Amino acid sequence: KDLNRNGRLDRYEDWRKEPGERAEDLAERMTIDQIAGLMLYSSHVAVNDAVPTEKLLSMVKDDNIRHILVTKVKNARTAAQWHNNLQAIVESLPLAVPTNNSSDPRNYTAADGEFNAGAGGDISHWPREIGLAATFDMDIIRRHGEIASAEYRALGITTTLSPQVDLSTDPRWRRFYGSFSEDSELCRDIVKTYTDAFQTTEGSKTGWGMKSVNCMAKHWPGGGTGEGGRDAHYCFGQYAVYPGNNFEEHLKPFLEGAFNLDGKTGMCSAVMPYYTVSFGQDPSGKNVANAYSTYIIRDLLRGKYGYDGVVCTDWGVTGNNDQVYKMNGKPWGVAEYSVAERHFLALYAGCDQFGGNNAKEPVIEAYKIWCDRYGKESADRRFRESAVRLLNNFFRVGVFENPYVIPEETEKVVGCKEFVEEGYDAQLKSVVMIKNHDSVLPIAKGSKVFMPERLYPASIPFFGRFYKMGQDRWKYPIALDLLKKYYTVTNDPR
């Protein structure tokens, strides 16, 4: 394709050249304005219609955003059509840089749905990460990665914001379920297998190709050690304290797993630092959030451990935080700086990208700050360094050659019978029997059961979108309609 319409086959357009060479060529052709947009990673985008919203179109046209975080989708066909329409739009823009659509892990069970009802025919459902770990079966981990990545590519998704590499050394942490346990060696082995399965295109010389999905390992250097088990989405959970001086143990799944793959891709293509302040770890005495820490990012991750992939901040770290229970900005340790200065500090520390940021202006202001302090040549070099890393992940997965999907094929692949059954089988194997008194399990179909309602106390939701306490409510922990398909349900415990 003559992407820039100049009548020549430029290096970045030449499919025969290596991704790194193509990325360097394109980075040189991009303006600072375009690179600033490339450094943005959108806030959550729901796909409810085949036509992209005006807000999203403004983000890609005016702010040059090319990394889109997709959350809920109406169905597989709509997602495919939306993806194609979006790619056609960006292909019409200067340089024709496609979008790198991404997702948080989406192949997991719904607590109130059967394996097929929960999937809704749209995607296969597997155990959550802690359930995958409970299988102790690397073949299941590998198949999960192979199937999930096939479904992702069919939907037009080329990056997964996973695996969650954190060790869950404090069971009070509310993100425990998203980890692969507290065991560093088990976590290491799962992370290796998982990442290899997502990133590898079989038969490729480099491992990368049209079936690959970039993995963004999170959260460097381990987010499961929040003080008192509190979570760093909120200001009261901003400190990671590493009880027992156990900092090095939390690095193992990264260093020996995500950064040391057995497959040809070698290492995960991106890393996300957690919101936390790794308290007392920086020899200089500074205590700032990991994304702003030159010690955590530049000295350790980039320097000592030689990681040269993309480093993307967690979502919203550069914003302001003005309410204890409101999940908005998370500028832990740098609240006294302006938003633009926070962008500069993250870039200076070694980050390449800003999660959850939709506006390019603060990034351009950060560029100006760099120019003032270190000169334009240094600023240009620093911005293009990040651009090359970011573009590498586009070229590796082939979206410059063909960013489009075929909706009919998407419907055949996503949530197909084979994939759904494999996910359900993995769910069964993830169940850990703690006790089976008097052989009460398995229960014969039709047995009579009583299920009490559970009290859910008034609380503020995780995302903190409501500014007053909700109401107490009683609710069945399992959907009654589902339970009645297998058992005779009684309201009388006698």
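The side chains of T99 and Q87 are joined by a polar contact of 3.0 Å, that is, a pair of N or O atoms within 3.5 Å in which, within protein, one must be able to donate a hydrogen and the other to accept it, with residues adjacent in sequence counting only if both atoms are side-chain atoms. A second polar contact, at 3.1 Å, links the T99 side chain to that of N101. The model is a predicted one, with local features needing pLDDT of at least 70 and side-chain atom pairs pLDDT 80 or more, while totals for chains, interfaces and linings use all residues. Numbering runs from 1 along each chain as its sequence is written, and side-chain values use heavy atoms, leaving out hydrogens and water.

As for its setting, T99 sits in the loop between α4 (76-91) and β3; helices (H or I, at least four residues) and strands (E, at least two) are DSSP runs numbered from the N terminus. T99 counts as buried because its relative accessibility is 1%, the cut-off being under 20% relative accessible area with a 1.4 Å probe and protein chains only. Leaving aside residues up to four places away in sequence, T99 touches R66, I68, L86, Q87, V90 and F394, with contact meaning heavy atoms within 4.5 Å.

On to the sheet. It is open, with 8 strands in the order β9-β7-β5-β4-β3-β2-β1-β10 and parallel pairing. β9 (310-311) and β10 (354-355) are at the edges with a single partner strand each, so one side of each has no neighbour in the sheet. β5 (residues 214-220) and β7 (residues 270-273) pair in the parallel sense over 4 bridges, where pairing takes at least two DSSP bridges. M216 has A270 as its bridge partner in β7.

Definitions and conventions. Buried < 20%, exposed > 50% of the residue type's maximum accessible area, 1.4 Å probe, protein only.
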